[in-house]
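This report describes selected features of one protein model. Please examine the sequence and the structure shown below before reading on.

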Amino acid sequence: MRIPERLTSLLLALFVALLVAACGAPQADGEASSDTIARAAPGLETASRPGIRFDPDTIRVGARVGSLVLDSIAVRHAIVDSVAVGTARFAGAIELSGATMRHPDPDAPFACFEADDPSASRLPRWQGDERRAWFCFENGAEAARALGPPSDGVAATIEIDRFTIHRGLSDEVNSARFVRLVGGGAAAEPGP
């Protein structure tokens, strides 16, 4: 049986891509505060988004990741490729700077926030998760009173707690509880 040339080319390209991924050099993980921080095997993960990476399969409740402490974790592995998915919730308050953002779903009324890179570098990051450092507030009404209604680009410094990573293979959104506005927000924006 002869393999079609197009399929052979596709398989060769896939093999080369896997080989390149396996041979690449790892990048720094950011702040390392405990032995629960992920240490990827050399060449297996190239980190492009800031954050303190942890391995969901080895981290345990009570582990410190930066200034936050793992409060709970539920991990399962996807059937297709065994990728770890699930939820990790962290205890402790953290101050972040960044800007408000609208949820990508235009019908979603959620108040959301994207941490800037310096703040995102202090947040826990599930190993292999390369999503932007944004989340929606579980107490959106309180956040909206301080930050204004869901909008894009209102700069603010806020304090949150209960930062929760929702890691899946589809449209999962991280969450946090809004604690207080430290500076900026809609009230600081000049009027028309």
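In which sense, parallel or antiparallel, do strand β2 and strand β3 pair? The model, which is a predicted one, shows strand β2 (residues 64–65) and strand β3 (residues 68–77) pairing in the antiparallel sense, with two bridges between them.

## The nonpolar core

The largest nonpolar core comprises 31 residues. The residues with the most contacts inside this core are F90, F135, F137, I158, I160 and F163. Strand β9 (residues 155–167) supplies the largest share of the core, namely five residues.

Beyond its neighbours within four places in sequence, I158 is in contact with several residues, including I94, L96, F113, F135, F137, L147 and F178. E95 is also among the contacts of I158.

## Helix α3

Which residues of helix α3 are buried? In this helix (residues 140–147), A143, A146 and L147 are buried. These residues lie on the same side of α3, because they cover an arc of only 85 degrees around the axis. An α-helix has 3.6 residues a turn, so residues three or four places apart point the same way.

The face of α3 turned away from the buried side carries the exposed residues A141 and R145. The buried residues of α3 pack against β5 (94–102), β6 (111–115), β8 (134–137), β9 and β10 (174–184). Just after the helix, G148 takes a positive phi of about 95 degrees.

## Residue E95

E95 is located in strand β5. Is this residue buried, exposed or partly exposed? E95 counts as partly exposed because its relative accessibility is 38%.

Although E95 and V182 are 87 residues apart in sequence, their C-alpha atoms are 8.2 Å apart in space. Not counting residues up to four places away in sequence, E95 touches R122, T157, I158, E159, R180 and V182.

Key
Residues are numbered from 1 along each chain as its sequence is written. This is a predicted model: local features need pLDDT of at least 70, side-chain atom pairs count only at pLDDT 80 or more; totals for chains, interfaces and linings use all residues. Side-chain values use heavy atoms; hydrogens and water are left out. Two strands pair if DSSP finds at least two bridges between them. Helices (H or I, at least four residues) and strands (E, at least two) are DSSP runs, numbered from the N terminus. A nonpolar core is a set of buried Ala, Val, Leu, Ile, Met, Phe, Trp, Tyr and Cys residues joined through side-chain atoms within 4.5 Å. Buried means under 20% relative accessible area, exposed over 50%, partly exposed in between (1.4 Å probe, protein chains only). Contact means heavy atoms within 4.5 Å. The arc is that of the directions from the helix axis to the C-beta atoms.
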